[in-house]
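Reader: I would like to learn how to read the local features of a model. Please take them in turn, with the general idea before the case.

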Amino acid sequence: MRNAKYVEPRMILKFVKPPCAAVIAAMALSVMAGTAAQAAECPRKDALGTSRVLSVDAATTPRVGLKSFPQTLPLQDREVVLTFDDGPWPGTTPKVLAALARECVRATFFLIGRSASAHPELVRRIAAQGHTIGHHTWSHPNIKYMKPDAAVADIDKGFAAVEKALHGTTTTPTTPFFRYPYFEMTPATLDLLQKRGIAVFGADLWASDWEPMKPAQQLKLLIERLQIARKGIILLHDPKAQTAAMMPAFLRYLRANHYRVVHLVPAAAASSAASAQNPK
Ligand SMILES: [Zn+2]
């Protein structure tokens with residue numbers, strides 16, 4: 001059953017020219033590789049699986065993703081992080097979740113607050129399947145063209161909406177991961193997020209899935225880019241039907257070509273997961 005067609009939030013997509021990285025000193029990458037909090041057991045022996053958990057500490061890695069910043073996560077050759085923006089969307093997010101579940105792969109979803117508010121059950125479902133939930137503002141505006149107060153208000157409303165969907169309260173974000181719509185950011189909001197201990201995610205490569213194309217074309221384009229990059233944080237959009245349709249084939253490609261999927265978690269969550277699973 002198809003829901004109403006997903007409409008990209010109306011804005012000029014300026015992905016070709018990534019914004020200036022602003023002043024980011026060479027921050028020490030102290031993202032730790034989690035060893036105890038490994039991927040959950042997978043019932044399928046031939047599934048892709050999640051190879052490891054990477055804990056991201058905003059205090060030491062406040063900004064990652066080479067399309068926007070000088071640094072990214074410490075991924076090894078053929079390690080990828082799957083990220084999905086702009087959901088949840090009832091028509092397509094369940095298909096993406098099903099593809100990920102079949103291959104026992106965990107991803108990070110950067111949710112739009114207003115969509116989370118409209119589909120809280122879907123937000124809880126994403127979390128229940130073990131994925132990490134990041135934040136992507138309330139209404140998907142271009143922060144750069146907003147008055148400072150309005151920009152902060154939209155960011156905060158987004159945090160609150162996702163938290164409300166997840167936990168019934170609107171406290172500070174339990175997962176301090178944020179991605180700017182269109183990767184358009186301002187120094188003031190970057191400073192604010194850093195002060196609050198919220199990590200800002202760019203991407204290392206993307207599927208350009210905001211451009212309409214057939215799933216097969218989408219898959220080909222993404223594979224070509226991955227073959228060049230060989231690793232990185234991949235940006236996808238779960239509300240896009242072409243992306244949802246190609247996910248099973250893309251995950252099989254990753255497995256067949258010996259790529260490994262890394263699951264991101266916030267630093268605090270990683271240490272508590274480790275202590276719970278590995279009391280030694
Ligand atoms: Zn977006």
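Reader: Is Thr137 buried or exposed?

Author: The general idea is a cut-off on relative accessible area: buried means under 20%, exposed means over 50%, and partly exposed lies in between, with a 1.4 Å probe and protein chains only. Thr137 is buried, at a relative accessible area of 0%. Its phi is near 75 degrees, a positive value in a residue other than glycine.

Reader: What should I know about the model and the numbering?

Author: This is a predicted model, in which local features need pLDDT of at least 70 and side-chain atom pairs count only at pLDDT 80 or more, while totals for chains, interfaces and linings use all residues. Residues are numbered from 1 along each chain as its sequence is written, and side-chain values use heavy atoms, with hydrogens and water left out.

Reader: Where does Thr137 lie?

Author: Helices (H or I, at least four residues) and strands (E, at least two) are DSSP runs, numbered from the N terminus. Thr137 lies in the loop between β6 and α4.

Reader: Which residues coordinate the zinc ion?

Author: Donors are N, O and S atoms within 2.8 Å of the metal (3.2 Å for Na, K and Ca); water is not among the atoms, so sites may look incomplete. Here the zinc ion is coordinated by Asp86 through OD and by His136 and His140 through NE2, at 2.0 to 2.1 Å. The spacing of the donor residues in sequence is D-x49-H-x3-H. Asp86, in the loop between β4 (79–85) and α1 (93–102), and His136, in the loop between β6 (132–135) and α4 (148–167), link distant parts of the chain, 50 residues apart. Asp86 and His136 are buried.

Reader: Which residues does a cis peptide bond join?

Author: Gly87 and Pro88 are joined by a cis peptide bond, with omega about 0 degrees. Pro88 is in the loop between β4 and α1.

Reader: How many salt bridges are there?

Author: A salt bridge is a side-chain nitrogen of Lys or Arg within 4 Å of a carboxyl oxygen of Asp or Glu. By this rule there are eight salt bridges. One of them is between Glu79 and Arg52, with the closest N and O atoms 2.6 Å apart. Glu79 is in strand β4 and Arg52 in strand β2 (residues 50–56), so this pair ties together parts that are 27 residues apart in sequence. Both Glu79 and Arg52 are buried.

Reader: Which residue does Asp85 meet in a salt bridge?

Author: The side chain of Asp85 meets that of Arg179, at 2.6 Å from N to O. Because Asp85 lies in strand β4 and Arg179 in the loop between β7 and α5, the pair ties together parts that are 94 residues apart in sequence. Asp85 is buried, with a relative accessible area of 3%, and Arg179 is buried at 0%.

Reader: Where do Asp156 and Arg196 lie?

Author: These two residues also form a salt bridge, with the closest N and O atoms 2.6 Å apart. Asp156 lies in helix α4 and Arg196 in the loop between α5 and β8 (199–201), so the pair ties together parts that are 40 residues apart in sequence. Asp156 is partly exposed, at 27% relative accessibility, and Arg196 is partly exposed at 39%. Elsewhere, Arg44, Asp46 and Glu103 are linked in a network of salt bridges.

Reader: How many aromatic pairs does a search of the whole structure find?

Author: Rings of Phe, Tyr and Trp (its six-membered ring) pair if their centres lie within 6.5 Å; planes under 30 degrees apart count as stacked, over 60 as edge-to-face and the rest as tilted. The search finds eight aromatic pairs. One of them, Phe183 with Trp206, is stacked, at 5.6 Å centre to centre and 20 degrees between the planes. Phe183 is in the loop between β7 and α5 and Trp206 in strand β9 (residues 205–206), so this pair ties together parts that are 23 residues apart in sequence. Phe183 and Trp206 are buried. Phe183 also has a positive phi of about 55 degrees, although it is not a glycine. One aromatic cluster is formed by Phe110, Phe177 and Phe201.

Reader: Which residue lies over the face of Trp206?

Author: A charge sits over a ring if NZ of Lys or CZ of Arg is within 6 Å of the ring centre and within 35 degrees of the ring normal. Lys67 lies over the face of Trp206, at 4.4 Å from the ring centre. Arg78 lies over the face of Tyr259, at 5.0 Å from the ring centre.
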